[in-house]
Amino acid sequence: MLSAQADRVMALGEWEERWREDQTGWHRPHVNKMLESNIEKVLDGRKGVKFFFPLCGKALDMKWLADMGHSVVGVEIAEKAIKQFFEESNMTYSEETVSALPGAKVYKSSERNISLYQCDLYNFSSAIEGQFGGIWDRGSLVAINPRDRQKYAALITSLMDKDCRYLLDTLLYNPEVYKGPPFFVPDEQVQSLFGKSCDIELLQSLDALTDREKARGMDFFTEKVHLITLKTN
């Protein structure tokens, strides 16, 4: 099944173009329900958790967590998405270059502990912002080019602090009928990407089939949320 999408490639410029043309059907104008229903498992009683949002877009989840007293660091290639996030959240922000990331910029909220980096995700590292106690991956692993998944998993695990709780959202459908993105990521691949160094717990699975997916030829569309933690031994 994975072979159907193995060679599918989206260039960074194509993502930027989708933002410019407002072709952003993946954006949700509300806090993600999967995050809301599983947040206590992610926090695990902790306060002031430092969260990482890979390919963050303008997700309202970032402000929701920051309003709860957590700090947020996101990475996004599209400048328009970052600016819209702050503007639509009625937050003022500063814009700075990043000496450790040539060509990158960081946008920082004046009112909340939110820093969003405009750069290629694979140029980001723990040298920039350290490691994280929480990661919310909705629309990131399912959006990257399938051939880059090993590289992506290595980056994400390198960003995990020892007590990090990584919430991963994946999608199941028949990849023979839709080329993606978002891409099909089966449980077996989650296990192969993260199972060697991490424990993986399936928290939730739901039927997410809507008219949007049916129009793409799908007859099933399942959304799953996994909790990933570093192994202690």
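**Entry 1: the loop between β7 and α7**

I began with Pro182, which I found in the loop between β7 and α7, and I note at once that this is a predicted model. The bond that joins Pro181 and Pro182 is a cis peptide bond, with omega at about 0°. Pro181 has its place in the loop that runs between β7 (160-172) and α7 (187-194). I wrote beside this that most peptide bonds are trans.

**Entry 2: positive phi**

Next I looked up backbone angles, keeping in mind that most residues other than glycine have a negative phi. Asp44 is not a glycine, yet its phi is positive, near 55°, and I located Asp44 in the loop between α2 (33-43) and β1 (50-54). Asn90 is likewise not a glycine and has a positive phi of about 55°; its place is in the loop between α4 (79-88) and β3 (93-97). Is Asn90 buried or exposed? I recorded a relative accessibility of 70% for Asn90, and because the cut-off for exposed is over 50%, Asn90 counts as exposed.

**Entry 3: Ile114 in β5**

Ile114 lies in strand β5, which covers residues 114-118. With a relative accessibility of 2%, Ile114 counts as buried, the cut-off being under 20%.

**Entry 4: α7 and what covers it**

In α7, I found Gln189, Val190, Leu193 and Phe194 to be buried. When α7 is viewed down its axis, these buried residues fall within an arc of 110°, so they line one face of the helix. I set beside this the rule that an α-helix has 3.6 residues a turn, so residues three or four places apart point the same way. What covers the buried residues of α7? The cover includes α6 (149-158), β7, β8 (198-207) and β9 (222-230).

As α6 is part of the cover of α7, I looked it up from its own side. Its buried residues are Arg149, Tyr152, Ala153, Leu155, Ile156 and Thr157, and they pack against β1, β6 (132-137), β7, α7 and β8. Asp148 lies in the loop between β6 and α6, and with a relative accessible area of 16%, Asp148 is buried. From Asp148 to Leu55 I noted 14 Å in space, C-alpha to C-alpha, for a separation of 93 residues in sequence.

**Entry 5: Ala127 in α5**

Ala127 lies in helix α5, which is made of residues 126-129. At a relative accessibility of 69%, Ala127 counts as exposed. The C-alpha atoms of Ala127 and Leu159 are 9.4 Å apart in space, and the residues are 32 apart in sequence.

**Entry 6: the chain as a whole**

The chain has 8 helices and 9 strands, and its C-alpha trace spans about 45 × 45 × 30 Å along the principal axes. Its radius of gyration is 17 Å, which agrees with the value near 17 Å that a compact globule of 233 residues would have. Buried residues make up 51% of the 233 residues. Of the contacts between residues at least 6 apart in sequence, 67% join residues at least 24 apart. The chain exposes about 10900 Å², of which carbon and sulfur atoms supply 46%. I counted 29 positive and 35 negative side chains, and the centres of the two sets lie 1 Å apart.

Methods. Residues are numbered from 1 along each chain as its sequence is written. This is a predicted model: local features need pLDDT of at least 70, side-chain atom pairs count only at pLDDT 80 or more; totals for chains, interfaces and linings use all residues. Side-chain values use heavy atoms; hydrogens and water are left out. Helices (H or I, at least four residues) and strands (E, at least two) are DSSP runs, numbered from the N terminus. The radius of gyration is taken over C-alpha atoms; the globule rule is 2.2 Å times the number of residues to the power 0.38. Buried means under 20% relative accessible area, exposed over 50%, partly exposed in between (1.4 Å probe, protein chains only). Contact means heavy atoms within 4.5 Å. Accessible areas come from the Shrake-Rupley method with a 1.4 Å probe; for residues, only the protein chains shown count as cover. Lys and Arg count as positive and Asp and Glu as negative; His and the chain ends are not counted. The place of a charge is taken as NZ of Lys, CZ of Arg, CG of Asp or CD of Glu. The arc is that of the directions from the helix axis to the C-beta atoms.
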